Amino acid sequence: MHAWPASEVPALPGQGRDLRIHDTATGGLVILDPGPVARIYVCGITPYDATHIGHAATYNAFDLVQRVWLDTKRQVHYVQNVTDVDDPLLERAQRDGIDWAALAEQETALFREDMTALRMLPPRQYIGAVESIPGIVPLVERLRDMGAAYELEGDVYFSVESDPHFGKVSGLDAAAMRLLSAERGGDPDRPGKKNPLDPMLWMAAREGEPSWDGGSLGRGRPGWHIECVAIALDHLGMGFDIQGGGSDLAFPHHEMGASHAQALTGEFPMAKAYVHAGMVALDGEKMSKSKGNLVFVSKLRRDGVDPAAIRLALLSHHYRADWEWTDQVLQDAVTRLGRWRAAVSRPDGPPAEALVDEIREALANDLDAPAALTAVDRWTAQQEQHGGTDEGAPGVVSRAVDALLGVAL
Ligand code: 5CA
Ligand code: ZN
């Protein structure tokens, strides 16, 4: 699959600071020390509906990670998937009487447009579940052959007990895991499983559903977690820096994925940090495709909202917070964008060096984008009230806001 075009990242004077980021597994900040090439895997969309503000907020967080790393003069190896075959996608296609593959293609194309408009830097590899199947099958066969997976009525399940580190990503107890498993795509009540939490690795072909050649597994399609693991291991290998997604992926998705990878390789951990973005709500409830309480990025764009204002609205909340989308949030961002643009449109202004430093420090400190915005607000207020004599300072501010926050002024 192809990704989307990269917007240019302006070069800045000086160098950024190393990222300290909250890791779900340890519950605290970790100082990541990636080599010259930082490695990150971010879970992509299941493309059965358009990109909503919740998705955009999560991808915004990981775009900031990429920008902080680039600012430390590292390269970034960023991989993202597209879950282009899964139960919710097939159910939606069935409901609407359309071909599931056409639905996936259409919504993935819209996602690329939205990401481009929001100036999210693309992943180096953007990979679909379907195209990954030839790589997934041998992994499932290997897990089965080593005794970490078992068959149940033609389906293949992963045995969570095969990974001694199972549970370390989410830190949840068995009861909480069971509840979340039932809510988020698992089948804890299916009779015959060794452990109710065991997730499916390979689902035998079902009547009326697409299926692929699974070698010794028989025809079928892959489970959700093994999809991301196959893609991550293929392109990044074990011990990569960040596994990212929204907080609803911590369990079971990232827990199970880590266990699949750790059982397969005998190495620990799969990722140095598991990073999770908070959930965006609308009308008091988590924005979700299944509930339908959605604000679409593409709809806002069609209504004439500047994508830079949408991006500023996302940045005005800390990535780990759960927050509520309202018209006021967007209105405030539109006002802020107008003030910032006016402030950088003058040839001179207050000195910019300290501001660039403040933005860098804020982002390196667990991606504190709201603190970065406050710093730019302060510079803007000074420019509005007193102006300044530093020639070229507004240009430096404009480039820093673009390079570090992805907002084109
Ligand atoms: N395809 C899988 C991941 S492999 C998936 O979860 N797809 S998704 O389309 O449901 O979600 C894509 C990303 O958006 C995930 O990281 C998810 O955690 C995040 N996300 C979904 N809803 C929200 C929300 N309301 N607020 C913030 N992030 C959200
Ligand atoms: Zn995933």
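**The metal site and the ligand shell**

Visitor: Which residues coordinate the zinc ion (ligand 2)?
Guide: In this predicted model, the zinc ion (ligand 2) is coordinated by Cys43 (SG), Cys228 (SG) and His253 (NE2), at 2.1 to 2.3 Å.

Visitor: And how are the donor residues spaced in sequence?
Guide: The spacing of the donor residues is C-x184-C-x24-H. Cysteine 228 belongs to helix α6 (residues 224-235) and histidine 253 to helix α7 (residues 250-265), so this pair ties together parts that lie 25 residues apart in sequence.

Visitor: Are those two buried or exposed, cysteine 228 and histidine 253?
Guide: Both cysteine 228 and histidine 253 are buried.

Visitor: What is the geometry of the zinc site?
Guide: The site is tetrahedral, with angles of 101 to 119° among its 4 donor atoms.

Visitor: Let us turn to ligand 1. How many residues surround it?
Guide: Ligand 1 is surrounded by 24 residues, and the closest are Thr58, Thr83, Asp248, Met287 and Lys289. By class, this shell has 9 nonpolar, 12 polar and 3 charged residues.

Visitor: Which atom of ligand 1 does the side chain of threonine 83 approach?
Guide: A polar side-chain atom of threonine 83 lies 2.7 Å from a nitrogen atom of ligand 1. For glycine 54, a backbone N or O atom lies 3.1 Å from a nitrogen atom of ligand 1.

Visitor: How much of ligand 1 does the protein bury?
Guide: Taken alone, ligand 1 exposes 600 Å², and the protein buries 94% of that.

Visitor: Which element gives the most to the shell around ligand 1?
Guide: That is α1, with 4 residues.

Definitions and conventions
Residues are numbered from 1 along each chain as its sequence is written. Chains are lettered from A and ligands numbered from 1 in the order in which they are written. This is a predicted model: local features need pLDDT of at least 70, side-chain atom pairs count only at pLDDT 80 or more; totals for chains, interfaces and linings use all residues. Side-chain values use heavy atoms; hydrogens and water are left out. Donors are N, O and S atoms within 2.8 Å of the metal (3.2 Å for Na, K and Ca); water is not among the atoms, so sites may look incomplete. Four donors count as tetrahedral if all angles lie between 85 and 135 degrees; four count as square planar and six as octahedral if opposite donors are over 155 degrees apart and all others between 65 and 115; anything else is irregular. Helices (H or I, at least four residues) and strands (E, at least two) are DSSP runs, numbered from the N terminus. Buried means under 20% relative accessible area, exposed over 50%, partly exposed in between (1.4 Å probe, protein chains only). A residue is near a molecule or strand if one of its heavy atoms lies within 4 Å of it. A polar contact is a pair of N or O atoms within 3.5 Å; within protein, one must be able to donate a hydrogen and the other to accept it, and residues adjacent in sequence count only if both atoms are side-chain atoms. Accessible areas come from the Shrake-Rupley method with a 1.4 Å probe; for residues, only the protein chains shown count as cover. Ala, Val, Leu, Ile, Met, Phe, Trp, Tyr, Cys and Pro count as nonpolar, Asp, Glu, Lys and Arg as charged, and the others, Gly among them, as polar.
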